[in-house]
Amino acid sequence: MAVEDVAEEEEERKSLYVSPIAKPMITDKLLARTLKLISKAVSEKKTRRGVPECTKAIRKGQKGICFLAGDIYPMDVFAHVPTLCEEKGIYYCYVKSRHELGGACQTRRPISLIMVMEPKDDSAYAKTYEQVVAGIKAVHPYM
């Protein structure tokens with residue numbers, strides 16, 4: 001009984017705040033594919049985690065998809081990233097919570113921003129990557 005209460009409290013805690021700039025927010029099937037993609041990319045060490053590391057990768061011109069957490073406060077921490085992504089032609093979208101991103105990375109630590117690098121043709125996550133890119137193109141108003 002106590003374990004269920006802790007799980008409910010954690011679930012409530014995950015989505016207390018949603019940033020006003022968190023658009024497009026992905027949900028449902030695309031979210032499930034995204035989390036699967038992130039876990040595969042992490043196992044192949046093809047990710048960049050955190051705001052400084054992702055910003056540096058974007059500025060250097062590395063290609064991939066950026067996933068931002070929609071519940072980061074204050075917004076100033078990552079507000080420059082969507083603009084950088086649009087300038088460099090990198091796809092980005094928001095996920096509901098930083099805890100979901102952390103869970104997909106197989107870590108307990110919440111992650112505010114993660115960039116999945118573009119895979120090689122023979123990579124294990126290449127097909128999932130293409131599906132997620134197609135989904136983001138469908139929901140993203142600026143890409």
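1. Secondary structure. The protein chain holds 6 helices and 4 strands. Both are DSSP runs numbered from the N terminus: helices are H or I with at least four residues, strands are E with at least two. Along the sequence the order is α-α-β-α-β-α-β-α-β-α.

2. Basis of the model. This is a predicted model: local features need pLDDT of at least 70 and side-chain atom pairs pLDDT 80 or more, while totals for chains, interfaces and linings use all residues. Residues are numbered from 1 along each chain as its sequence is written, and side-chain values use heavy atoms, with hydrogens and water left out.

3. Burial and surface. The protein chain has 143 residues, and 43% of them count as buried. Buried means under 20% relative accessible area, exposed means over 50%, and partly exposed lies in between (1.4 Å probe, protein chains only). Accessible areas come from the Shrake-Rupley method with a 1.4 Å probe; for residues, only the protein chains shown count as cover.

4. Contacts along the chain. Take contacts in the protein chain between residues at least 6 apart in sequence: 82% of these join residues at least 24 apart. Contact means heavy atoms within 4.5 Å.

5. Valine 132. This residue sits in helix H6. Valine 132 is buried, at 0% relative accessibility. Which residues does valine 132 contact, leaving aside neighbours within four places in sequence? They are Leu30, Arg33, Thr34, Leu37, Ile65 and Phe67. Helix H2 spans 28–43, and strand S2 spans 64–69. The C-alpha atoms of valine 132 and leucine 37 are separated by 8.0 Å, though the two residues are 95 apart along the chain.

6. Alanine 22. Here the setting is the loop between H1 and H2. Alanine 22 is buried, with a relative accessible area of 5%. Not counting residues up to four places away in sequence, alanine 22 touches Gly70 and Tyr94. Alanine 22 and methionine 75 are 9.6 Å apart, C-alpha to C-alpha, and 53 residues apart in sequence.

7. Cis peptide bonds. Lysine 23 to proline 24 is a cis peptide bond, with omega near 5°. Proline 24 lies in the loop between helix H1 (2–14) and helix H2 (28–43). A cis bond also joins tyrosine 73 and proline 74, where omega is about 0°. Proline 74 is placed in the loop between strand S2 (64–69) and helix H4 (80–88).

8. Positive phi. Most residues other than glycine have a negative phi. Aspartate 28 is not a glycine, yet has a positive phi of about 55°. Aspartate 28 lies in helix H2 and counts as exposed, at 64% relative accessibility. Glutamine 106, also not a glycine, has a positive phi of about 55°. Glutamine 106 lies in the loop between helix H5 (98–104) and strand S4 (113–117). Glutamine 106 is exposed, with a relative accessible area of 55%.

9. Negative patch. Glu44, Glu118, Asp121, Asp122 and Glu130 form a patch of negative charge on the surface. Glutamate 130 belongs to helix H6 (residues 126–139). Patch residues have over 30% relative accessible area and no salt bridge, and like charges are joined within 9 Å. A salt bridge is a side-chain nitrogen of Lys or Arg within 4 Å of a carboxyl oxygen of Asp or Glu.

Technical notes
Patch = residues over 30% accessible without salt bridge, like charges linked within 9 Å, V, L, I, M, F, W, Y side chains within 5 Å. Lys, Arg positive; Asp, Glu negative; His and termini not counted. Charge placed at Lys NZ, Arg CZ, Asp CG, Glu CD.
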